[in-house]
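Reader: Happy to look at this one with you. Shall we go through its aromatic residues and surface together?

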Amino acid sequence: PDLRWGTQFSMAPPGKKGGKREDWEDVDTSADSRLPVAHIILFVINAVALSAVPIYLFSAIFDLDIAENAPIYVGITLVSTLLVTLAVQNRCKRLRTRLIASRNVELGSTWLLKLKNAEDEKSKLKLKEGNKRISEINMEALSLSIAYNNAAFLFTIVLLIFFVLRTATPQMNYGASTCLAGFVSFLLSSRVK
């Protein structure tokens, strides 16, 4: 069968050509689990801003010059940004799934299947209302995941900088505390049930 991107293929056994397709075979269910692109952009912007906070802290309090330590700042900030972005994305997906299940909202693929069977105005209105509820749940999951991960990252980094790694050199303290805070944030987001 032709399995290239965007082509339709039949689930008929290899010996049979054609075969009757069921209605549910045409529905794209992968769209239900994807987050909107705007959310992913917000995750990255938030992670960059959050990962840059320790740069100001270390340049102001520990006199770690930005120009001299630019490679350290850039490398550690990129690692931390990646970890925080993945943490926020994990938490957002899990919160979204939990909120959809707790509020008994039907997913878009379910509505599309129902819409194929009924083409009246009432069905279209219900589809629009369902999409609105999914959008509200997406925004709520986005807000909660960003708030929780920001709090976890900032709490962890302050704890590491001023209490755990206070005797380390400023460069070592910056690198270890920022990476560990990102890792703890990622770990907490992946352990949520």
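Reader: Is Phe62 buried, exposed or partly exposed, and why?

Author: Glad you asked; this is a predicted model, where local features need pLDDT of at least 70, side-chain atom pairs count only at pLDDT 80 or more, and totals for chains, interfaces and linings use all residues. Residues are numbered from 1 along each chain as its sequence is written, and side-chain values use heavy atoms, leaving out hydrogens and water. Buried means under 20% relative accessible area, exposed over 50%, and partly exposed in between (1.4 Å probe, protein chains only). Phe62 has a relative accessible area of 26%, so Phe62 is partly exposed.

Reader: Which residue forms an aromatic pair with Tyr73 that is edge-to-face?

Author: Rings of Phe, Tyr and Trp (its six-membered ring) pair if their centres lie within 6.5 Å; planes under 30 degrees apart are stacked, over 60 edge-to-face and the rest tilted. Here the centres are 5.0 Å apart with 80 degrees between the planes, and the partner of Tyr73 is Tyr174.

Reader: Where do the two residues of this pair lie in the chain, and how many residues apart?

Author: Helices are DSSP runs (H or I, at least four residues), numbered from the N terminus. Tyr73 is in helix H2 (residues 70–102) and Tyr174 in helix H5 (residues 170–190), so the pair links distant parts of the chain. Both Tyr73 and Tyr174 are buried. Their separation is 101 residues.

Reader: Is Val164 buried or exposed, and why?

Author: Val164 is found in helix H4 (residues 121–164). Its relative accessibility is 51%, so Val164 counts as exposed.
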